[in-house]
Amino acid sequence: MYSLMINGKRQKVAVSPDTPLLWVIREHVGLTGTKFGCSKAQCGACTVLIDGRAERSCQTQVKDAVGKKITTIEGIPDNNPVKKAWISEDVPQCGYCQSGQMLQAVALLKAKPKPTEADIDEFMSGCICRCGTYQSIRKAIHIAAGMSSKGGGK
Ligand code: FES
Ligand code: FES
């Protein structure tokens, strides 16, 4: 039995130690906003925040997530600048990659509150979007950075 802190709530799950966190989140806790894409840390669809860092949950074993603060897309509040910018820019198309993109962007702005184009290229490069929403994502990140610097959201 593992006890995990996900979106501020304690969750107890009976799984083997090497179970990917992705499956724990989706199948055992029922938070399906985190998506399965490649299972090889190549697409970013499964991205969650672990202690504030963007991590691929398909490659994170549940035993390594114990004692850490896990945030999924469901744990991002409505007043978060990234969420607000994503909505105002109408970024998603099919939407499949977008929870991973948003959490990667949240981690980017935490590390670099005013990212340059090069910062965005580097930090977001592991998140693949088959619908090609990259330009909208880039614009939304700049908008979110502006909101953050004015003290909006968290
Ligand atoms: S499913 Fe984890 S990176 Fe693709
Ligand atoms: S919005 Fe469709 S894959 Fe990114």
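Start by selecting Gly126, which sits in the loop between helix H4 (117-124) and helix H5 (134-149). The model is a predicted one. Gly126 counts as partly exposed because 15 other C-beta atoms lie within 10 Å. Gly126 and Ala45 are 81 residues apart in sequence, yet their C-alpha atoms are 9.4 Å apart in space.

Next, move along to helix H5 and select Ile137, which is found there. Is Ile137 buried or exposed? Ile137 counts as buried, because it has 24 C-beta neighbours inside 10 Å, and a residue is buried if 20 or more other C-beta atoms lie within that distance. To see what surrounds Ile137, leave aside its neighbours within four places in sequence and show its contacts: Val91, Gln101 and Met124. From C-alpha to C-alpha, Met124 and Ile137 are 9.3 Å apart in space, and in sequence they are 13 residues apart.

Now select helix H2, residues 81-88. Colour Pro81, Val82, Ala85 and Trp86, which are buried. Turn the view until you look down the axis of H2: the buried residues fall within an arc of 130°, so they line one face of the helix. Which helices are included in what covers these buried residues? The cover includes helix H3 (98-111) and H5.

Then show H2 and H3 together. The two helices pack at an angle of about 130°, and their axes are 9 Å apart. H2 and H3 are therefore oblique to each other, since an angle over 145 degrees would count as roughly antiparallel and one of 65 to 115 as roughly perpendicular. The crossing in which H2 passes H3 is right-handed.

To view the contact itself, show the side chains on both helices. H2 contributes Val82, Lys83 and Trp86, while H3 contributes Met102, Ala105, Val106 and Leu109. Val82 and Trp86 have already been coloured as buried residues of H2. How many residues of the contact of H2 with H3 are nonpolar, polar and charged? Six are nonpolar, none is polar and one is charged.

Key. Residues numbered from 1 in each chain as written. Chains lettered and ligands numbered in written order. Predicted model: local features only at pLDDT ≥ 70, side-chain atom pairs only at ≥ 80, totals over all residues. Helix = DSSP H or I, 4+ residues; strand = E, 2+ residues; numbered from the N terminus. Buried ≥ 20, exposed ≤ 12 C-beta atoms within 10 Å, placed from the backbone. Arc of directions from axis to C-beta. Contact = placed C-beta atoms within 7 Å. Axes fitted to C-alpha atoms, helices over the stretch in contact; angles between N-to-C directions. Parallel < 35°, antiparallel > 145°, perpendicular 65-115°, else oblique. Left-handed = near helix turned anticlockwise from the far one by under 90°. Nonpolar A, V, L, I, M, F, W, Y, C, P; charged D, E, K, R; others polar.
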